[in-house]
Amino acid sequence: MKTAERRPAEAVGAAPVRAPLPAGGRGRRLAAQGRAYAFLLGGLTCFALFSWYPAIRAIVIAFQKYTPGSDPEWVGTANFTRVFEDPEFADAWRNTLTFTVLALLIGFAVPFVLALVLNELRHARAFFRVVVYLPVMIPPVVSALLWKWFYDPGAGLANEALRFLHLPTSNWSNGADTALVSLVVVATWANMGGTVLIYLAALQSIPGELYEAAELDGANLLQRVRHVTIPQTRFVVLMLMLLQIIATMQVFTEPFVITGGGPENATVTVLYLIYKYAFLYNDFGGACALSVMLLLLLGLFSAVYLRLTRFDGEDV
């Protein structure tokens with residue numbers, strides 16, 4: 001009998017020797033990589049043309065006297081000085097910051113509570129998800145026009161409902177003291193659907209054993225939310241809070257469509273003032289100067305916010 005040919009034992013931990021790819025296989029791999037890089041290059045090109053270039057161009061124009069049809073003229077920080085001395089400048093920043101605070105108080109708590117309620121439902125959960133997300137699918141301008149009719153002090157649905165209940169009516173978006181709050185309600189209704197679904201996904205990823213252990217320890221609903229739900233979803237909460245602050249600081253559609261910045265400049269925001277400088281005053285230098293101010297503020301705030309919440313994010 002022939003003894004079986006013995007193969008040398010491979011060294012422990014040694015990487016297996018791979019046979020070289022045939023010429024055709026190597027060519028196919030290079031072709032696949034080339035297609036991948038071509039798709040990546042297309043995306044980067046679009047991003048550069050429609051995002052990076054406008055941002056860089058705006059920073060340059062902020063230091064120029066620029067009007068369409070004429071050659072730009074470098075003016076240094078004159079645009080920033082002129083914008084800063086504008087009486088509407090303080091109103092715009094005050095309204096924007098107030099809007100952001102109100103949006104956090106109203107628009108941040110409501111989606112979280114709705115997500116908790118949807119997470120506890122046992123029937124028709126899919127139906128209520130669609131109902132909550134439906135406002136997001138409505139175009140923002142259409143949504144604002146609907147609420148403009150809803151807030152109409154004469155024949156609007158809001159005051160008609162109050163009259164039916166024999167309650168005093170309100171000026172809503174036409175009142176200087178109620179206009180900003182009315183816009184916060186519109187923005188919350190129009191944008192909370194996506195936030196609710198993100199919260200709901202985070203809630204459904206929490207292990208059920210944690211709630212069972214809390215119930216065995218005698219924790220009630222509020223205690224379970226405080227000691228289980230919030231700690232397990234804090235990273236999502238912190239990130240959505242940052243994104244919401246950035247978004248609300250750039251509010252434009254609601255003031256533009258519903259109130260036009262009024263009454264008495266009560267709803268003029270920074271972005272709406274940028275629009276006025278660019279398209280009403282034909283002052284693109286001032287508009288870009290305001291844009292750079294907003295960019296620096298949001299960038300600084302984001303850096304500080306991420307630095308302060310870095311431990312919470314890494315600990316998740």
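Guide: The following account begins with the pockets and then turns to salt bridges, the surface and the loops.

The model is predicted, so local features need pLDDT of at least 70 and side-chain atom pairs count only at pLDDT 80 or more, while totals for chains, interfaces and linings use all residues. Residues are numbered from 1 along each chain as its sequence is written, and side-chain values use heavy atoms, with hydrogens and water left out.

Some terms come first. A pocket is found on a 1 Å grid over the protein atoms alone, as an open set of points with protein on both sides within 12 Å along at least five of seven lines; its lining residues have an atom within 4 Å of a point. Grid points are joined across faces, edges and corners, and a volume is the space filled by probe spheres set on the points. Helices are DSSP runs (H or I, at least four residues), numbered from the N terminus.

The largest pocket holds about 560 Å³ of space. Its lining comprises 30 residues, and those nearest the centre are A187, A190, N191, A247 and T248. Six helices each supply at least two lining residues: α3 (87-107), α5 (125-137), α6 (140-150), α8 (179-204), α11 (234-248) and α12 (253-259). Of these, α8 gives the most, with 10 residues. By class, the lining has 19 nonpolar, 10 polar and 1 charged residues. Here Ala, Val, Leu, Ile, Met, Phe, Trp, Tyr, Cys and Pro count as nonpolar, Asp, Glu, Lys and Arg as charged, and the others, Gly among them, as polar.

The second largest pocket has a volume of about 420 Å³. It is lined by 20 residues, and P54, A55, A58, S291 and V292 are the closest to its centre. Helices α1 (23-61), α13 (270-280) and α14 each supply at least two residues of this lining. The largest share, 8 residues, comes from α14. By class, this second lining has 17 nonpolar, 2 polar and 1 charged residues.

Helix α14 spans residues 284-308 and includes G299. This glycine is partly exposed, with a relative accessible area of 40%; buried means under 20%, exposed over 50%, and partly exposed in between, with a 1.4 Å probe and protein chains only.

Salt bridges are the next topic. Side chains of opposite charge can pair when their charged atoms come close. A salt bridge is counted when a side-chain nitrogen of Lys or Arg is within 4 Å of a carboxyl oxygen of Asp or Glu, and the count here comes to 4. In one of them, D283 pairs with R82, the closest N and O atoms being 2.5 Å apart. Because D283 lies in the loop between α13 and α14 and R82 lies in helix α2 (residues 78-84), the pair ties together parts that are 201 residues apart in sequence. D283 is buried, at 16% relative accessible area, whereas R82 is partly exposed, at 35%.

Another salt bridge joins K276 to E88, with the closest N and O atoms 2.7 Å apart. This pair links distant parts of the chain, since K276 is in helix α13 and E88 in helix α3, 188 residues apart. Both K276 and E88 are buried. Within helix α3, D91 and R94 are 3 residues apart, which means that about one helical turn separates them. Their side chains meet in a salt bridge (2.5 Å, N to O).

On the surface, Y37, L40, L44, F47, W52 and I56 form a nonpolar patch with about 670 Å² of accessible area together. Such a patch is made of residues with over 30% relative accessible area and no salt bridge, nonpolar side chains (Val, Leu, Ile, Met, Phe, Trp, Tyr) being joined within 5 Å. Areas come from the Shrake-Rupley method with a 1.4 Å probe. Y37 lies in helix α1 and is exposed, at 59% relative accessibility.

Finally, the loop between α12 and α13 contains P263 and E264. A cis peptide bond, with omega about -10°, joins G262 and P263. E264 has a positive phi of about 55° although it is not a glycine, and E264 is exposed, with a relative accessible area of 75%.

Note on methods. On a 1 Å grid over the protein atoms alone, a cavity is a set of points where a 1.4 Å probe fits but cannot get out, and a pocket is an open set with protein on both sides within 12 Å along at least five of seven lines; lining residues have an atom within 4 Å of a point. Patches are made of residues with over 30% relative accessible area and no salt bridge: like charges are joined within 9 Å, nonpolar side chains (Val, Leu, Ile, Met, Phe, Trp, Tyr) within 5 Å.
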